[in-house]
Each structure stands twice: as C-alpha cells, then as structure tokens.
Amino acid sequence: MELKRNQRKPLAGMTLYELREVTAKLGMPKFTATQLAQWIYGKRVSTFDEMLNISKSNRELLAAEYVVGLKAPAEAHRSEDGTVKYLFDVGDGKAVESVYIPDEDRATLCISSQKGCRMNCYFCMTGRQGFHGNLTANEIINQVLSVPDSESLTNVVFMGMGEPLDNLDEVMKVIEILTESWGLAWSPKRITVSTVGKKPELKTLVEKTSVHIAVSVHNAVHEERQSLMPLEKIYQIKDVMEMLSHYDFAHQRRLSVEYIMWNWFNDDISHAEALREILPDEHVRVNLIRYHMIPDTPKLRTSSDERMAHFRDYLNGKGITCTIRRSRGEDISAACGMLAGKVKNEEKKAEAKKAPHAKK
Ligand code: SF4
C-alpha cells in the first residue's frame, strides 16, 4: 500500500549508513545510497525525478516510501545591513529561525536546533517561549541546504534557537553530514557549536568532533550567573571551563567565550577579572556582545560603549584576545537573544519573571 505523502520519511538528514539501510531494504545496490547523498547534499535537489543516474524504477520505489525532504523557508526578512532572517515551518503551527550573515569574505548561517528552548535564560526570547521539542537532523540540515545562498555559505554556527547540546544526537548527525566526503565535505573549522555549558554533552562533542566551540558565559560570578542562566545551578561555568582546559584549543581548533554586556550587571573590572580567572588559557577568544532589549527585562540594559571598551582593554592587557562584536540584523529581530520563531495559537505573553540580581 502506498504511503500518504506526509507519512513518507525524509532522506535529507540521513547519514550514508542510514541511506544504505534504505537502499538495502528496497533491494537496491549499495552505490545507490552514495548517489542519493550526492544528489541531496551535493546538488541539493528536492525531487527524485531530478536524480537522473538512478533508474526510473528505483526512483519510483523510493518515492513510494520516502521524500527527499528539503523545504524552502516560509518567510524571509532582510535587514538593511544585508542580514536575512529565514523562518522555517516545522509543523504543528511552529516555526524556527535561521539567520544569514554576509560579511566581507564570509557568509555565515546561524541555525536553530530546537523548537524553543528549555534552558530558560532570562535574557533570551527563545527561552521565553518554552520548549516545544527537538528538531530532527532533517529539520536542522534543511536550514543549511534550503536557504537561497546555500551554496555560497562559508560557515555554519549552531547559535540560533535552542541549546544544541540538549539535542546532541541530531546535532552530531548534522555535523557528520556537513563534514564527511559523501556529505558537504566541509572542514570542521567552518562549524561552531555554541552552548550554555551542558558539561557531559560538551565533553562528548569535544572528543568526537573537531568543530569550534563557543561557550556562552555572560557572567563568571556563580551567584550572578545562576540568576540569569538556570543551568549554572547544575553545571557551574568554572567547572565547564576547567573541563575544557584538558583539550587542545591552541592550534586548529578554536574555543571562544560569548559575553553579552549589561550595564552595571556584569561589566565592571571585577567581572573581567572573574572571567579571566576561569579561562583555560590565553588562547580563548572573548567576544563581547551588545544586549538587545527584550520585553519584561527592565533591569537589563546594554553596557555603554565606554564600559565595553574598558572591559575589552582590561582583558587585552592581560594577553587575552577580546573584541566587541558588531551587532547584525537588529532591525529584523535577528540579533543575539532575539530569535523567537512563531508559535501559532500560543501567543500568550511570557509571564513577567522575577528580575535577576543586579548591582544597580
Ligand atoms: S540563550 Fe540559548 S540556551 Fe539560553 S534560552 Fe536562549 S536559546 Fe536557550
């Protein structure tokens, strides 16, 4: 019996091993799996009819049970600075966002790994909407393969909606697709995975892949960080950084720290010193990020340019590479902490939360 279209499984998002299981089940030769990978990941085709080196009968067999599974973004919003925010429909009235960030010699795509997020960081719009499930490898790789500029992307960062390490299995599969020769054959140096510090999963990621790591620290003082980022109560950031100190980030691989700056909350020299103390070594790069106000966070305001520069200069003076990151896509709500997707029928306003500990 032929399956309805919405019952057919997507092939995009499968590893070569999984594609071989599919072709073996359908009685096709092993090399058909490699051909499928080439068509989907190499040529980004969206229908079986386009796969001309696969026989018509095999294409019909595939189409009876599977779909290619590539889906164009439902909406695109273009910023005046060239950044584009894409909205991908992920079913049940939910959507996730990806952000295309062109720069002089780079074109980076910031992708989402979950529908919402359960980390509940106080300053983040995604955290405000709660958790609605993990994205599948299909839904994650589709963001990379289906944006209009897919073939000119130079980098992918897992810094969109969700905590990637809360969905480690699917994220690892996507990294495999991005880096293996049968997939996109990218160097792992073109990929950065960001985390708020899920320590056990981070250890797995560091040991099993060679991708760059970005840790969202935002405050190195334990009592203050836990009022912003509840995960600090389980995995203290100093322990996460200590764990990372046992790995090599001095050569091919990069470890960076993300640090959103709030006026009088985490931006004085004592905070810079607290941050310096937990850094594994001087090879870690620190990115200072301007805060973009979201609703119900009246006590958090972005730091002044002077305080950010002072913080940066202090760390530079200690031999640490620290830069102030240029904000992109603010006018289309695509900047750090602003991604919210769309949740139809659930547009209840997030409950005003208790303000975190703040100095002033
Ligand atoms: S900052 Fe990241 S981990 Fe925290 S709630 Fe937002 S998406 Fe989740």
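Q: In what sense do strand β12 and strand β13 pair, and over how many bridges?

A: Bear in mind that this is a predicted model. Strand β12 (residues 255-261) and strand β13 (residues 285-290) are parallel partners, with six bridges between them. Within this pair, Glu258 has Asn287 of β13 as its bridge partner.

Q: Which strand do three bridges join to β13?

A: That is strand β14 (residues 322-324), which runs parallel to β13. Here Val286 is opposite Cys322 of β14. The path from β13 to β14 goes through helix α11 (residues 305-317), again as a β-α-β crossover, and this crossover is right-handed.

Q: What about strand β5 and strand β6: is their pairing parallel or antiparallel?

A: A general point on strands comes before the case: in a regular strand, side chains alternate between the two faces of the sheet. Strand β5 (residues 94-102) pairs with strand β6 (residues 107-110) in the antiparallel sense, over four bridges. The two strands form a hairpin, with four residues between them. Pro102 has Ala107 in β6 as its bridge partner.

Q: In what sense do β6 and strand β9 pair?

A: β6 and strand β9 (residues 155-158) are parallel, with three bridges. Cys110 is opposite Val157 of β9.

Q: Turning to helices, which residues of helix α9 are buried?

A: The general idea is that an α-helix has 3.6 residues a turn, so residues three or four places apart point the same way. In helix α9 (residues 237-244), the buried residues are Ile237, Val240, Met241 and Leu244. Viewed down the axis of α9, these buried residues fall within an arc of 95 degrees, so they line one face of the helix.

Q: Which elements do the buried residues of α9 pack against?

A: They pack against α7 (199-208), β11 (212-216), α8 (222-228), β12 and α10.

Q: Which residues of α7 are buried, and which are exposed on the other side?

A: Lys199, Glu201, Leu202, Leu205 and Val206 are the buried residues of α7. Down the helix axis, the buried residues of α7 fall within an arc of 160 degrees, so they too line one face of the helix. Pro200, Glu207 and Lys208 are exposed on the other side of α7. The packing partners of the buried residues are α6 (168-179), β10 (191-195), β11 and α9.

Q: Why does Tyr17 count as exposed?

A: Tyr17 is exposed because 10 other C-beta atoms lie within 10 Å, and the cut-off for exposed is 12 or fewer. Tyr17 is in helix α1 (residues 16-25).

Q: Where is Asp296, and what is its phi?

A: Asp296 is in the loop between β13 and α11. Its phi is positive, about 65 degrees, although Asp296 is not a glycine. Asp296 is partly exposed, with 13 other C-beta atoms within 10 Å.

Q: Finally, into which domains is the protein divided, and how many residues are in contact?

A: The division is into domain 1 (5-67) and domain 2 (75-343). Their C-alpha centres lie 33 Å apart. The contact involves nine residues of domain 1 and 14 residues of domain 2. On the domain 1 side, helix α2 (residues 31-42) gives the largest share, three residues. By class, that side has five nonpolar, three polar and one charged residues.

Methods. Residues numbered from 1 in each chain as written. Predicted model: local features only at pLDDT ≥ 70, side-chain atom pairs only at ≥ 80, totals over all residues. Domains from an automatic or database assignment. Contact = placed C-beta atoms within 7 Å. Nonpolar A, V, L, I, M, F, W, Y, C, P; charged D, E, K, R; others polar. Pairing = 2+ DSSP bridges. Right-handed = clockwise from strand over helix to strand, strands pointing away. Buried ≥ 20, exposed ≤ 12 C-beta atoms within 10 Å, placed from the backbone. Arc of directions from axis to C-beta.
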